[in-house]
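Please read the following note with the model open beside it. The points are numbered so that each can be checked in turn.

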Amino acid sequence: MESADYDQWLGRAQSLADHIQKGNDDEVNRLLDEISRGRERMLFQELGKLTREFHEALNGFRLDARITDLAQENIPDAKQRLNYVIVMTEQAANRTLTAVEEVMPLSESMAAQAKVLRAQWARFTGRTMSAADFRHLSHEIEQFLDKTSTDADHIRNNLSDVLMAQDYQDITGQILQRVIRLVNEMEEHLVRLVRGSGTRVMPSTEKPQGLTAALVDASESVAVHGPHVPGTAPEEEVIHSQDDVDALLSSLGF
Amino acid sequence: MKILIVDDFATMRRIIKNLLRDLGYTNITEADDGNSALPLLQTGNFDFLVTDWNMPGMPGIELLKAVRAMPKTAKLPVLMVTAESKREQIVAAAQAGVSGYIVKPFTAVTLKEKIDKIFERIQG
């Protein structure tokens with residue numbers, strides 16, 4: 001009880017005692033009524049507070065019931081996304097390895113052949129080469145130059161393929177960022193659930209966060225969806241190839 | 001020709017930069033989202049903008065709208081290179097005035113085709 005309340009109660013008790021001693025029945029009755037009304041008011045206030053806490057606890061529990069959604073829908077969805085990341089990184093690794101393996105022997109034979117020709121060329125410049133050998137050498141040089149030109153093109157193409165294969169980092173990065181967001185939401189909801197079961201009162205000022213907020217975001221008309229992961233969105237909403245994009249744009253007058 | 005590449009992933013910026021260099025474009029500047037791209041576009045005389053969609057800060061679609069709203073850049077050719085492949089998004093980009101739209105993953109040939117087409121249209 002606060003000191004102001006205490007003083008008030010003490011004052012009432014003292015004046016009640018005075019009136020009883022003086023035999024003021026009317027005043028005694030009035031004071032007794034006032035005192036009991038005060039008690040009732042406190043009781044109702046306490047009951048009101050309890051009701052509010054109960055209501056908030058129920059609301060909090062409903063919010064945390066979204067954990068069920070997370071477990072039933074978002075986690076399997078995240079597993080699918082993570083598996084897709086494995087598939088994409090594997091494809092990129094294979095694409096890179098194939099491109100490298102294909103042209104590695106080309107650059108090796110180019111170096112070896114250049115070394116052989118260099119030695120013969122030294123014989124020519126040192127004037128120790130016969131005319132017949134020189135004819136043979138010039139033929140070999142011609143062949144080497146042709147082959148080098150073709151092989152260099154091949155190497156360049158494969159290097160460019162290696163370059164393009166690195167785009168997996170962007171796409172898988174976006175997918176992983178989404179999964180990390182989901183894990184964060186999950187954590188938030190679990191923390192809230194633990195807090196909710198440990199104490200009776202849920203903070204009433206807390207705004208919907210995490211998944212609730214994410215669901216609100218997702219309902220915006222042109223939200224960011226991230227890279228398409230097979231099996232995670234209705235297929236008819238998704239454009240599958242650059243050709244489809246071009247067709248759609250040309251239907252819009254592009 | 002002065003080109004600005006906007007993508008939050010440095011690897012993708014490098015890939016696009018390399019591809020553009022192959023096509024003979026060497027004057028290339030990079031930015032990692034719309035917020036850092038806009039001041040560059042306001043001050044620099046860029047001839048071409050290549051942007052991603054999904055970026056923290058200012059996403060590509062907002063950047064596109066901002067570019068179209070500024071008198072200095074209203075006619076700047078904008079090529080969107082993005083993993084966003086929902087029908088509604090492509091339509092939204094078209095409505096916002098995108099000049100070309102490439103979905104990731106893409107090929108060097110696709111990039112060349114789209115760029116050629118954009119400049120053909122400008123010159124034609």
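Is A:Arg95 buried, partly exposed or exposed? With a relative accessibility of 34%, A:Arg95 counts as partly exposed, where buried means under 20% relative accessible area, exposed means over 50%, and partly exposed lies in between (1.4 Å probe, protein chains only).

1. Basis of the note. This is a predicted model, in which local features need pLDDT of at least 70 and side-chain atom pairs count only at pLDDT 80 or more, while totals for chains, interfaces and linings use all residues. Residues are numbered from 1 along each chain as its sequence is written, chains are lettered from A and ligands numbered from 1 in the order in which they are written, and side-chain values use heavy atoms, with hydrogens and water left out.

2. Salt bridges in chain A. A salt bridge is a side-chain nitrogen of Lys or Arg within 4 Å of a carboxyl oxygen of Asp or Glu; over all chains, the count is 16. One of them joins A:Arg95 to A:Asp161, with the closest N and O atoms 3.0 Å apart. This pair links distant parts of the chain, since A:Arg95 lies in helix α3 (residues 66-125) and A:Asp161 in helix α4 (residues 131-165), 66 residues apart. Helices (H or I, at least four residues) and strands (E, at least two) are DSSP runs, numbered from the N terminus. A:Asp161 is also partly exposed, at 28% relative accessibility. Elsewhere, A:Arg12, A:Glu27, A:Arg30 and A:Glu34 are linked in a network of salt bridges.

3. The sheet of chain B. Five strands form an open, parallel sheet in the order β2-β1-β3-β4-β5; two strands pair if DSSP finds at least two bridges between them. The edge strands, each pairing on one side only, are β2 (27-31) and β5 (100-103). Strand β1 (residues 2-6) pairs with β2(B) over five bridges, and B:Ile5 has B:Glu30 as its bridge partner in β2(B).

4. Salt bridges of B:Lys104. The side chain of B:Lys104 meets that of B:Asp7 in a salt bridge (3.0 Å, N to O). The two residues are 97 residues apart, with B:Asp7 in the loop between β1 and α1 (10-22) and B:Lys104 in the loop between β5 and α5 (108-123) of chain B. B:Lys104 also forms a salt bridge with B:Asp52, the closest N and O atoms being 3.4 Å apart. B:Asp52 lies in the loop between β3 (48-51) and α3 (60-69) of chain B. B:Lys104 counts as buried at 7% relative accessibility; B:Asp7 is buried at 1%, and B:Asp52 is buried at 1%.
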